[in-house]
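Good morning, colleagues. Please look at the sequence and the structure first.

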Amino acid sequence: MASSSLSSIYSPSSSFKSEVKSIHKITSSQLGSIYLPNKSRFHVHAVAREVSASLSAGNNDVVHKLKENVGLEKNPNALWKRYVDWLYQHKELGLYLDISRVGFTDGFLEEMEPRLQKAFKDMVDLEKGAIANPDEGRMVGHYWLRSPHLAPNSFLRLQIENTLEAVCQFANDVVSGKIKTPSGGRFTQILSVGIGGSALGPQFVAEALAPDNPPLKIRFIDNTDPAGIDHQIAQLGPELASTLVIVISKSGGTPETRNGLLEVQKAFREAGLIFAKQGVAITQENSLLDNTARIEGWLARFPMFDWVGGRTSEMSAVGLLPAALQGIDIREMLAGAALMDEANRTTVVRDNPAALLALCWYWATDGVGSKDMVVLPYKDSLLLFSRYLQQLVMESLGKEFDLGGNRVNQGISVYGNKGSTDQHAYIQQLREGVHNFFATFIEVLRDRPPGHDWELEPGVTCGDYLFGMLQGTRSALYSNDRESITVTVQEVTPRSVGALVALYERAVGIYASLVNINAYHQPGVEAGKKAAGEVLALQKRVLQVLNEASCKQPVEPLTLDEIAERCHCEDDIEMIYKIIAHMAANDRALIAEGNCGTPQSIRVYLGECNVDELYA
Ligand SMILES: O=P(O)(O)OC[C@H]1O[C@](O)(CO)[C@@H](O)[C@@H]1O
């Protein structure tokens, strides 16, 4: 291929090229060969800076070497050396972190060192109880949950210890049958009602760790989808009578969770059951949910703390109670997390696995989220890890403004399912298509419990195939310049799952410091919630207007324009149309004549008017 066509394939935009040249004061020819395929903007800047420094020092040999080294390392010996040099091992946890397939340079490490030291300092302050979530004026204390002695005062320490004790006691009493169902039998099922951070951790842990025959089986209502709720309740069938319903909401006022609760309570009434005798609340003291549970005399209540965010609540009662009820060793989960936290307290970057992860994310995404994080756990039981991480990473890092109030639109997109299943779905694009991601492989060394394996062909087990698929995909991606991280655990156990959760919680915190954002609030979510509230308020106004027109003699069918005008909401006509279409599709005593495909033809009135409402 002619070099001119090569350069057109690999050339970045001319504005980026000018930016690099002007920032680092180098010429086009000095810059030219830095552009290799698929390098990040940060990468180019880092190398340009080094080239520039070497040029001013008159060191042309170094410049030459730098330019040669900017691509991902392909020489097998050098790559092996890089692997060995950078391999992180946590002996006690049996956890390894391999970052050799991320192409960061020495110059990048040097540049990041002071920023990492600042991130470590931020973390020390956070663990000591600083207001690490300034917008909400809150401390951030999820690390204390597994090391209560680190809590900034004895009141908080006791709160944590007492809650853990209460969770263990309650779970033991339910599992042993000491706490009985209203009819005197054992509880057999858990129905967990919660959303976001109040569901994702418990879902992930249940999938990862619940035994094949848990003392109580868990199912989840994590949405306000009526059909989904009906499905969960229908699946319980007569076992509703032996179902412990755990309603989880930190704020105690999340609409989806409230709706789930109301739907479940209705199902209990219809089955002639008393909900309060089977209901458990996990929420902040004095929240709406807490007050409801207290007044109605629910079976139990557990606290959620102000200083624990939903997405980092797996080690609070939110995650621990459902886990303990399924027979999962929660003290081991806490121990795994505590060990990982301890490892992440070192200020020596190469010994700090969370810092290494954050560093790789920064390198791979230019520190601006320019690439997505694809999480590929090669183990069915870790299927939900990617979904769990999606909230942890994206709700924490996806921020419009930095701590200084500058608009930065930060974040890293996370998605993934599981290997090797994904091999037959989207890996094709990862290998050959648009290069907008870096991968994280989650590897589990132990295929099966000891004594259960067999060779399905000479010398090869089923697990060897899974292993081969992981290694093959990692190599195939790398050979096409796709970077990857590999996190390896010995087995999926409460300890290793606790460690994985802690590893990513810490990496997110460190990364947030590197890009100077608040990882612990979620102002963006409020906008959607507010808009949903406005839609429901508009629906009420529409119904009022329709009721007035439908109470007339004769009934007055209204066009969408007329409804909008009478609601004084002319700008919301599209939303009014959608509200009408949705209600019409759900047999809501509303008659829409005409064709929904041609909105202007629609005439709407109510099947029956409610005179009382006219004077309400
Ligand atoms: O536990 P809650 O207060 O019901 O909130 C559920 C989820 O909603 C969010 O606040 C976002 O809307 C998440 O951060 C949280 O995990």
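Let me begin with a definition: a residue is called buried under 20% relative accessible area, exposed over 50%, and partly exposed in between, with a 1.4 Å probe and protein chains only. The model is a predicted one, in which local features need pLDDT of at least 70 and side-chain atom pairs count only at pLDDT 80 or more, while totals for chains, interfaces and linings use all residues. Residues are numbered from 1 along each chain as its sequence is written, and side-chain values use heavy atoms, with hydrogens and water left out.

Consider Phe120, in helix H7, residues 106–127; helices here are DSSP runs of H or I with at least four residues, strands are runs of E with at least two, and both are numbered from the N terminus. Phe120 has 6% relative accessibility and therefore counts as buried.

Thr243 belongs to strand E5, residues 243–248. Its relative accessible area is 0%, so Thr243 is buried. A polar atom of the Thr243 side chain lies 2.7 Å from the backbone oxygen of Glu239.

I turn now to the ligand. Which residues come nearest to it? Of the 14 residues around the ligand, they are Gly197, Ser198, Ser249, Ser251 and Thr254; a residue is near a molecule if one of its heavy atoms lies within 4 Å of it. By class, this shell has nine polar, three charged and two nonpolar residues. Helix H16 (385–397) and helix H20 (523–550) each supply at least two residues of the shell.

Gly197 places a backbone N or O atom 2.7 Å from an oxygen atom of the ligand. For Ser198, a polar side-chain atom lies 2.7 Å from a ligand oxygen. In the case of Ser249, an N or O atom in the side chain is 2.6 Å from an oxygen atom of the ligand. On its own the ligand has 390 Å² of accessible area, and the protein covers 89% of this; such areas come from the Shrake-Rupley method with a 1.4 Å probe, and for residues only the protein chains shown count as cover.

Finally, the charged pairs. How many salt bridges does the structure hold? There are 27, a salt bridge being a side-chain nitrogen of Lys or Arg within 4 Å of a carboxyl oxygen of Asp or Glu. In general, side chains of opposite charge can pair when their charged atoms come close.

One of these bridges joins Arg407 to Glu400, at 2.2 Å from N to O. Arg407 has a relative accessible area of 54% and is therefore exposed, whereas Glu400, at 37%, is partly exposed.

Another joins Glu136 and Arg138, at 2.8 Å from N to O. Glu136 is partly exposed at 31%, and Arg138 is likewise partly exposed at 21%.

Helix H20 returns here, since Glu534 and Lys530 both lie in it, four residues apart, about one turn of the helix. These two form a salt bridge whose closest N and O atoms are 3.7 Å apart. Lys530 is exposed, at 57% relative accessible area, while Glu534 is partly exposed, at 48%.

Lastly, Glu127, Glu342, Arg345 and Arg506 are linked in a network of salt bridges. Thank you for your attention.

Notes. Polar contact = N/O pair within 3.5 Å; in protein donor to acceptor, adjacent residues only side chain to side chain. Nonpolar A, V, L, I, M, F, W, Y, C, P; charged D, E, K, R; others polar.
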